[in-house]
Amino acid sequence: MSTYKCKTPIVLIIFNREDTTRKVFERIKEVEPEELFIISDGPRENKVGENELVQATRDIIKDVSWKCNVHTNFSEKNLGCMIRVSTGLDWVFSQTEQAIILEDDCYPNISFFRYCDELLEQYKDNPEIMMISGNNNSLTECEDSFYFTNYFHIWGWATWKRAWEKNETMIKSWPEFKKSQGLKNYFSNPSELYYWSHTFDIKYNNFVNSWAIGWVYSCYKNGGISIAPKYNLISNIGFGENATHTSGNSIYANVETKELDFPLQYPKSFSVNSQLDEIERKIRNKDSKRLPFPLQVIAGKIKWFIRGLRKK
């Protein structure tokens, strides 16, 4: 049992995976938060036996054995990832000023909670900081306990009501932001600019059921940056056949974590670590087997042409 007690309300987003949810819940149990918010989607009508899986996963919350205010937001019907998570977090931030957010396959180490507690307090009044991530997707240690980054990762993260209130789930303002070339404030690499522009095009045209893309877009639109830790503090234990969005192979699956030392060592300057961001960009390109930039453009145009034909 950990001796550290989490000061910030924790949000746990669950669905139908009792095994991974149990592991994440047991870790939350170790830090005994005083406030726990549970968001759950409902079963899909065409999935035989899913109602029982969803209920068994929800029943895990009955094992809260410490002094804790438990708040539940359970949908009776299936809303899908985009609507369920976004409306669930709207509900959470109607009741609290800040929160630590975990999905049912994001297994944190203990230092993640203290790291979030401290930095949520440190940067609560800094509008440029939109979130705090538990992921170091550069897979490279920095000199300090954390660094500032232009990348936003949600496998274990924390944010404030003041940031979430700027979230645009459907990114309706994307055409205007695209026209303003606002992404050039973040990226100079043509491949990276194309990648994010194409991603937001797909989201804007409702070709992907994702809340996370809307959140990332909202951070860019509002001039935000993120914080990433020196070490990876979260291991995604959900990759596999039963996963909805993490069914493939990835270098980021089941990554080992390492505990941060305290007190935290702060960066000497308030600036994005462009070196680590570039390392992350190259790792992600390799991990996703993305095409070279000229071929990305051609492939993207072909995909849009095919999608246009299907909509006719």
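This is a predicted model: local features need pLDDT of at least 70, side-chain atom pairs count only at pLDDT 80 or more; totals for chains, interfaces and linings use all residues.

Which residue takes a positive phi just after H7? That residue is Asn206, with a phi of about 60°.

H7 covers residues 190-204, which makes 15 residues. From the first C-alpha to the last, H7 reaches 21 Å, close to the 21 Å expected at 1.5 Å a residue. At the start of the helix, the backbone nitrogen of Ser191 has a side-chain oxygen of Asn189 within 2.9 Å. H7 is mostly covered, with twelve of its 15 residues buried. Among them are the aromatic residues Tyr194, Trp196 and Phe200, but the buried set also includes Glu192, Asp201 and Lys203.

The partner of S7 is strand S9, residues 225-229; the two run antiparallel and are joined by four bridges. Within that pairing, Phe146 stands opposite Pro229 of S9.

The loop between S7 and strand S8 (157-160) contains His153. Is His153 buried or exposed? With a relative accessibility of 17%, His153 counts as buried, because the cut-off for that class is under 20%. Its side chain makes a polar contact of 2.4 Å with the side chain of Glu280. A further polar contact, of 3.4 Å, joins the side chains of His153 and Asn137.

The structure holds one cavity of 30 Å³ or more, and about 50 Å³ of space lies in the largest cavity.

Finally, the cysteines. How many disulfides does the structure hold? The number is zero. Cys6 is in no disulfide, and the nearest cysteine sulfur, that of Cys116, is 7.7 Å away. Cys6 is buried, with a relative accessible area of 4%, whereas Cys81 counts as partly exposed at 23% relative accessibility.

Thank you for your attention.

Key
Residues are numbered from 1 along each chain as its sequence is written. Side-chain values use heavy atoms; hydrogens and water are left out. The expected span of a helix is 1.5 Å times one less than its number of residues. Buried means under 20% relative accessible area, exposed over 50%, partly exposed in between (1.4 Å probe, protein chains only). A polar contact is a pair of N or O atoms within 3.5 Å; within protein, one must be able to donate a hydrogen and the other to accept it, and residues adjacent in sequence count only if both atoms are side-chain atoms. A disulfide is a pair of cysteine sulfur atoms within 2.5 Å. Two strands pair if DSSP finds at least two bridges between them. On a 1 Å grid over the protein atoms alone, a cavity is a set of points where a 1.4 Å probe fits but cannot get out, and a pocket is an open set with protein on both sides within 12 Å along at least five of seven lines; lining residues have an atom within 4 Å of a point. Grid points are joined across faces, edges and corners, and a volume is the space filled by probe spheres set on the points.
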